[in-house]
Amino acid sequence: MVDSLEAIVATVTKAVEKNQFISIAGGRHAMGCQQFGTDTILIDTTRLNQVLSFNTATGMIEVEAGIQWPKLIDYLIETQKNVPWPQQWGIAQKQTGADRLSIGGSLACNAHGRGLKMQPLIADVDSFSIVDANGKFLKCSRLENSELFRLAIGGYGLFGVIYSVTMRLTPRQKVERVVELLTVDKLPKAFEERIQAGFLYGDFQFSTDDQSDDFLYRGVFSCYRPVDPAIPMAEAQKELSEDNWSHLYYLSHADKAEAFRQYSSYYLSTSGQIYASDTHQLSIYLDNYHHELDHDLGSEEQATEIITEIYVPRLELPSFLAEVRDDFRANKVNMVYGTIRLIVQDEESFLGWAKQSYACIIFNINTVHTPAGLEHSANAFRRLIDMAIKRGGSYYLTYHTYATRVQVETCYPQFAEFIRLKRLYDPEERFQSNWYRHYREMLGSQEANTYSVKPLVWDVKASN
Ligand SMILES: Cc1cc2nc3c(=O)[nH]c(=O)nc-3n(C[C@H](O)[C@H](O)[C@H](O)COP(=O)(O)OP(=O)(O)OC[C@H]3O[C@@H](n4cnc5c(N)ncnc54)[C@H](O)[C@@H]3O)c2cc1C
C-alpha cells in the first residue's frame, strides 16, 4: 500500500530496477480484471485518501486519487456546514449503485452517473498528477501534457499511477424527486421533456419479470429538479434500509413481479421528497450479497450478477428493447435488474466510450459460475452488443472482456492506436493488468496506425 507521492515514486523506481510489472488498485470494484495482473506488483491506493486543497472561491478541489466518494462528499459537507446553501459546492456526478469507488478508479474508466445533461467524468476534471513508467512525476491538464491527459482518463491504469486529481465542483443544490410509471416507447420524449423543464438527474428502472407484458417495457421514471434552497429537507425521509434492500434482492431473483410491485410502490411514495444534489447519488450496496442469496434460494451452484452497459441512439431505445425482450425470453437469460440513463458525447478522452449522446441501458444478468453458466452470459452480452452495433450503438469496456474482436474493433476503432500509444509512453509495458493483456493479445499485433485520431483544439478559457 502506498500512502504518499514519495512511496509511489519509490515503488515504481524499484520495479524499474528489478524489471517488474505493476498493476494499480483503488476500490477494486472493476469487473474486467483491470486492477489485477498475474505476476505484477499491486499498488494499492487505499491510503492515498486525503484532500490536498479546496478553493471555495473557484470550486476546485485537489484530492489524492485513492480517496473514495463517501469521504469526499463528507468532507465537503463538513467543511461547508456553516455556508448557506446557494454558496456550497458539491460533486456533479458519481457512479450510482456503488459508492466505495476511488477517484483514481473513476478516472481510469471515465465514469458517469445519472446526470441528464452531463458528459462523462473527464468534464469534471481540471487536471491530475501522475507518476509515469520511469518514476517521473508529471502534471497533466488540457494545457500541460494534454495528450497524456486524454489517454490516462479512460486509460484503465495503463499510463502510470495517478497521485492526485483536481476536480471542478458544481454548486450544491436541493433537488426534488419526481416519480412516475412509464413505458419505454414514451421514454425518449419524456427524457427530453424533463431536460427542457430543467431537471438535472434521472433514470428509468424497468421491470425484469419475463412472464409479464411489463418485461423490459414498463418502469419507474425518476427525475430530480432543482428547488428553492429555502425549502426544508425532512428529517425523516422515506428510505429503504439494508434489510429492505436485502429483501428486494431476494425478490428480484425469486419473485420478479413482486419485486417490481414493491420497488415501484416505494419509489412512487417518495415522489416530492427533497434531496441534496450530491448525497442523492449515494446508494446502499450489500457486499457479497450473493452468498446469502444462493443459500436462501437453495442454489446448488454459486452465482453472481454481471453488469453490462449498452449504448444506442436515443430514438432506437424502444426497438432495441423489443429485440432484447424476445432474445432474453428465447434464450432464458435471467435478467435481475436494469436501468436506463442518458449519456452525453465526450470528445476529449482518447479511448472514449461516449461517442454520441446515447441512451445507456444497464443490464444485471444472473450468472452461474460454471463454465456453461459463464458462457451463457457471455453469449448474451455478445448478442446485446450486436443489437447495439446494428443501430449505431456501442458498449462500455469496464465491466467484462466478453466482446469479440470484431465487436471491439467496431465500437472502439481507436483501440489498436491506444495500445500503440501506451507502448510509446511505456515501452516496457510496466503498467499492465490481465484486462490489458487480453486486449494486447487481441489487438496489439496490428502495427499499422489504422485509426487517425481527430486532434482536439482545447478550449483554454474553459479550463481556466
Ligand atoms: C455495483 C457497481 C456499480 C457501478 N456503477 C457504475 C456507474 O454507475 N457508472 C460507471 O461509469 N461505472 C460504474 N461502475 C464501474 C466502476 O466505475 C469502475 O469499475 C471503476 O473503475 C471502479 O473504481 P475502483 O476504485 O473500484 O477501481 P479499481 O477496480 O480498483 O480499478 C479500476 C481501474 O482503475 C485503475 N486505477 C485505480 N486507481 C488508479 C490510480 N490512482 N491511478 C491510475 N489508475 C488507477 C486500475 O488500474 C484499474 O484499471 C460500477 C461498478 C460496480 C461494481
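Reply: Let me begin with contact, which here means heavy atoms within 4.5 Å. The model is a predicted one, and in that sense of contact the buried residues of helix α12 pack against α4 (146–152), α11 (405–411) and α13 (434–443).

Me: Which residues of helix α12 (residues 415–425) are called buried, and what makes a residue count as buried?

Reply: A residue is called buried when its relative accessible area is under 20%. In helix α12, Phe415, Ala416, Glu417, Phe418, Ile419, Leu421 and Lys422 are the buried residues.

Me: What does phenylalanine 415 touch, leaving aside its neighbours within four places in sequence?

Reply: Phenylalanine 415 is in contact with Leu351, Leu397 and Val408, and also with Trp435, Tyr439 and Leu443. In the largest nonpolar core, which has 100 residues, Phe415 and Phe363 touch the most other members. Strand β16 (residues 358–368) gives the most to this core, with 7 residues, and the core draws at least three residues from each of domain 1 (5–171) and domain 2 (174–409). A second, separate core has 14 residues, among them Val2, Val12, Val161 and Tyr163.

Me: Why is cysteine 109 called buried?

Reply: Cysteine 109 has a relative accessible area of 10%, and the cut-off for buried is under 20%, so cysteine 109 counts as buried. Its place is in helix α3 (residues 103–109). Not counting residues up to four places away in sequence, cysteine 109 touches Gly154, Tyr156, Trp353, Tyr396 and Thr398.

Me: Why is cysteine 33 called partly exposed?

Reply: The relative accessibility of cysteine 33 is 31%, and partly exposed covers the range between the limit for buried, under 20%, and the limit for exposed, over 50%; cysteine 33 therefore counts as partly exposed. Cysteine 33 is found in the loop between β1 (21–25) and β2 (40–44), and although it is not a glycine, it has a positive phi of about 70°.

Me: Is glutamate 429 buried or exposed, and where does it lie?

Reply: Glutamate 429 has a relative accessible area of 13%, and with buried set at under 20%, glutamate 429 is therefore buried. It lies in the loop between α12 and α13, and its phi is near 55°, a positive value in a residue other than glycine.

Me: How many cavities of 30 Å³ or more does the structure hold, and which residues line the second largest cavity?

Reply: There are 2 cavities of 30 Å³ or more, and about 30 Å³ of space lies in the second largest cavity. The residues that line the second largest cavity are Gln93, His112, Gly113, Gly115, Met118, Pro120, Leu342, Ile343, Val344 and Trp353. By class, this lining has 6 nonpolar, 4 polar and no charged residues, with Gly counted among the polar ones.

Definitions and conventions
Residues are numbered from 1 along each chain as its sequence is written. This is a predicted model: local features need pLDDT of at least 70, side-chain atom pairs count only at pLDDT 80 or more; totals for chains, interfaces and linings use all residues. Side-chain values use heavy atoms; hydrogens and water are left out. A nonpolar core is a set of buried Ala, Val, Leu, Ile, Met, Phe, Trp, Tyr and Cys residues joined through side-chain atoms within 4.5 Å. Buried means under 20% relative accessible area, exposed over 50%, partly exposed in between (1.4 Å probe, protein chains only). Helices (H or I, at least four residues) and strands (E, at least two) are DSSP runs, numbered from the N terminus. Domain bounds come from an automatic or database domain assignment. On a 1 Å grid over the protein atoms alone, a cavity is a set of points where a 1.4 Å probe fits but cannot get out, and a pocket is an open set with protein on both sides within 12 Å along at least five of seven lines; lining residues have an atom within 4 Å of a point. Grid points are joined across faces, edges and corners, and a volume is the space filled by probe spheres set on the points.
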